[in-house]
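This report describes selected strands, helices and single residues of the structure shown below. The headings follow the elements in turn.

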Amino acid sequence: MVALPTKKLEAWRYTDLRPLSAVTFGAPPAAAATPDLPDLPFPRFVFLNGVLNAALSSGFAYAKPFVPVEGQGTQPMALINADYAQDGINIEIPAGQDAGELLLISQSDGITPFAFHPRHRVKLGQGAKFALIELNQGEGTYWQNAVFEVEVAEGAKFQHFRLQEESVEAFNTTTIYADIEGQGSYEHFTLTLGARISRTEIEANLLGQNALAHLNAAQLLGGTQHGDFTTIIRHKAPNCPSRQTVKSVLAGKAHAVFQGKIEVDQIAQKTDGYQMSQALLLSPETEMDIKPELQIFADDVKCSHGATIGALDEEQVFYLRSRGIPEAEARQILIRAFLEEALEPVTHDASKALFEEVLESWWTKQ
Amino acid sequence: MLEIKNLHARIGDAEILKGVTLTIPDGEIHAIMGPNGAGKSTLSYVLSGREGYEVTKGEVIFNGENILEMEPEDRAAAGLFLAFQYPVELPGVGNANFLRTSLNAIRRKRGEEELDAVAFLKLARAAVRQLAMKEDFLKRNVNVGFSGGEKKRNEMLQMAILKPHLAILDETDSGLDIDALKIVAEGVNALRDEKFSALVITHYQRLLDHIVPDVVHVLAGGKIVRSGPASLALELEASGYAGLEVA
């Protein structure tokens, strides 16, 4: 196996994978029980312990058979994935088609540790539209190491909403490569609640004029959880906007990372890049690392980034309490409000409703 | 009825209130005036339970209970309402939701049944109309992007819905903003009845043109140095606060 990256690599400086390398992973066991599946009126692919379950999955007109890896991607996690990938979805939306929504569900459950490495492909033809809603859930110790290869042709629109609610003993590493042609758009949102250690890493290439990338995330972590959202957006053509909002709520001894790099090529004039990271720290033992990086080689661009890290505003807490709201509830309302804003980039109603429901139940468990 | 007895309070080592005593019977509106630094805002914060103020002596009895030992939320449930001088913005919190949560928290503590969304909206819309506010007020985030006047109106909307027994109106610095004063005055006057009382804290006499108090107290050097009828305010406006500290 390709070696796991260590903290000596700049890109992995804040995410220590030693707890992952300490585990010996076997092959995925056969899935035991039939999982609870969400009640959403969309076609679906259901993977149990990393293996496609045909009985639980529905047909999808634009699905093609899994294609063995051709070896794209140079990130360490993608290289490991390439060595082991055995399954994944392969979606091709022809030009001009609106393919609607598709659910991609991964449910994992095992007694002894196991690993799986899905390799997903999503390809949209010119002017096509598609929304992928991903739900990752499970129990026990396992490692999901997924790769997505995304191609968005001219004028196509791909929305990708992810819920990462893996077991708190699990590991989730997801690497996404997205090529976006002129006028095309890739809207991404990851809601991270689960896993002991997780990292979502996205490389988005804006290849034609007015191509757009929205790479947003919200992370709600407690205990000793570690969540990492790392992105590289490459502006390789003029007039492309990119937007990023990353919000983190950290409790216990949780640790979150946001590394956002924006590269602007010499020809990418009129680039409009915006990046914002906000973290709410609910305990003094949490850690938030934010690393914005701008590499700009064009001379007429607008790129901004900002970061805030802090505790709840006590003025706000008092205001709510003075209106009769008990302290604990007041704090919850303010955290919810912070997260409510984090869900703002989710422009897809069904996904938003789903995420709100998840936030609600996360609360009741706190 | 509110009885403040020999109240002493400090922030850190600085003693701000040095023995405040006053009684507000039900149905009365009292005003507290006084020079800058007299302890007016401190009094409102101590009464509403804000952290950072240490009460070293005295008690505050509100309808038979010593509220100094109560959490701010319990004081609200007991019927105390503080209208903020500078209402706080709550991004991401919808106004209607905030009001309903607040009203239901208070009803719950009082052993009353909570209002469902429909019943609440009916009540809230009526209050909004009565205060001549736009209906989208309920849909906006609490005080976010509100003008100064809109924030005051929002405080009065909360007061109208929560129906406190005693409202404390901290208007220490806002004496020059006439529109805001009128909004506050309308809000208070609308609630005036034999059960409702209010403590209006102000530096300027102007607010009292709109809310005519039953009694005016002068707070200076951390004590009430004079009390009298509404006309006392006019007297102070003419003569100023000079010389009152020693009284």
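## Strand β11 of chain B and its partners

The model is a predicted one. In chain B, residue B:A31 stands opposite B:V216, which belongs to β11(B). The pairing concerned is that of strand β3 (residues 29–33) of chain B with β11(B); the two run parallel and are joined by four bridges. With strand β12 (residues 223–228) of chain B, β11(B) runs antiparallel, and five bridges join the two. Within this second pairing, B:L219 is found opposite B:I224 of β12(B). Two residues separate β11(B) from β12(B) in a hairpin, and B:G221 in the turn has a positive phi of about 60°.

In a regular strand, side chains alternate between the two faces of the sheet. One set of residues in β11(B), made up of B:V215, B:H217 and B:L219, points one way, while B:V216, B:V218 and B:A220 point the other way; all are buried. Because six of the six residues of strand β11 (residues 215–220) of chain B are buried, the strand is largely enclosed by the rest of the structure.

## An open sheet in chain B

Chain B also contains an open sheet of four strands in the order β2-β1-β4-β5, with antiparallel pairing. Its edge strands are β2 (14–24) and β5 (65–66) of chain B, each of which pairs on one side only. Helix α1 (residues 40–48) of chain B packs on this sheet and touches β1 (2–11), β2 and β4 of chain B. The direction of α1 makes about 110° with that of β1(B).

At one end of the strand order, strand β4 (residues 54–62) of chain B and β5(B) pair in the antiparallel sense over two bridges. Here B:F62 stands opposite B:E65 in β5(B).

## Helices α3 and α4 of chain A

Two packed helices are described by the angle between their axes and the distance between the axes. For helix α3 (residues 314–321) and helix α4 (residues 327–342) of chain A, the axes come within 9 Å and cross at roughly 125°. This angle makes α3(A) oblique to α4(A). The crossing in which α3(A) passes α4(A) is right-handed.

From α3(A), residues A:E314, A:Q316, A:V317, A:L320 and A:R321 meet A:E327, A:A330, A:R331, A:I333 and A:L334 of α4(A). By class, this contact has five nonpolar, one polar and four charged residues.

Helix α4 of chain A also holds A:A342, which is buried with a relative accessible area of 2%. Leaving aside neighbours within four places in sequence, A:A342 is in contact with A:F189, A:A218 and A:K247. Between A:A342 and A:L37 there are 305 residues of sequence separation and a C-alpha to C-alpha distance of 25 Å.

## Asparagines with positive phi

Which value does phi take at A:N49? Phi of A:N49 is near 50°, a positive value in a residue other than glycine. A:N49 is placed in the loop between β1 (44–48) and β2 (51–52) of chain A. With a relative accessible area of 1%, A:N49 is buried.

In chain B, phi of B:N6 is likewise positive, near 50°, in a residue other than glycine. B:N6 is placed in strand β1 of chain B. The relative accessible area of B:N6 is 35%, so this residue is partly exposed.

Conventions:
Residues are numbered from 1 along each chain as its sequence is written. Chains are lettered from A and ligands numbered from 1 in the order in which they are written. This is a predicted model: local features need pLDDT of at least 70, side-chain atom pairs count only at pLDDT 80 or more; totals for chains, interfaces and linings use all residues. Side-chain values use heavy atoms; hydrogens and water are left out. Buried means under 20% relative accessible area, exposed over 50%, partly exposed in between (1.4 Å probe, protein chains only). Two strands pair if DSSP finds at least two bridges between them. Axes are lines fitted to C-alpha atoms, for helices over the stretch in contact, and angles run from 0 to 180 degrees between N-to-C directions. Angles under 35 degrees count as roughly parallel, over 145 as roughly antiparallel, 65 to 115 as roughly perpendicular and the rest as oblique. A crossing is left-handed if the near helix is turned anticlockwise from the far one by less than a right angle, and right-handed if clockwise. Contact means heavy atoms within 4.5 Å. Ala, Val, Leu, Ile, Met, Phe, Trp, Tyr, Cys and Pro count as nonpolar, Asp, Glu, Lys and Arg as charged, and the others, Gly among them, as polar.
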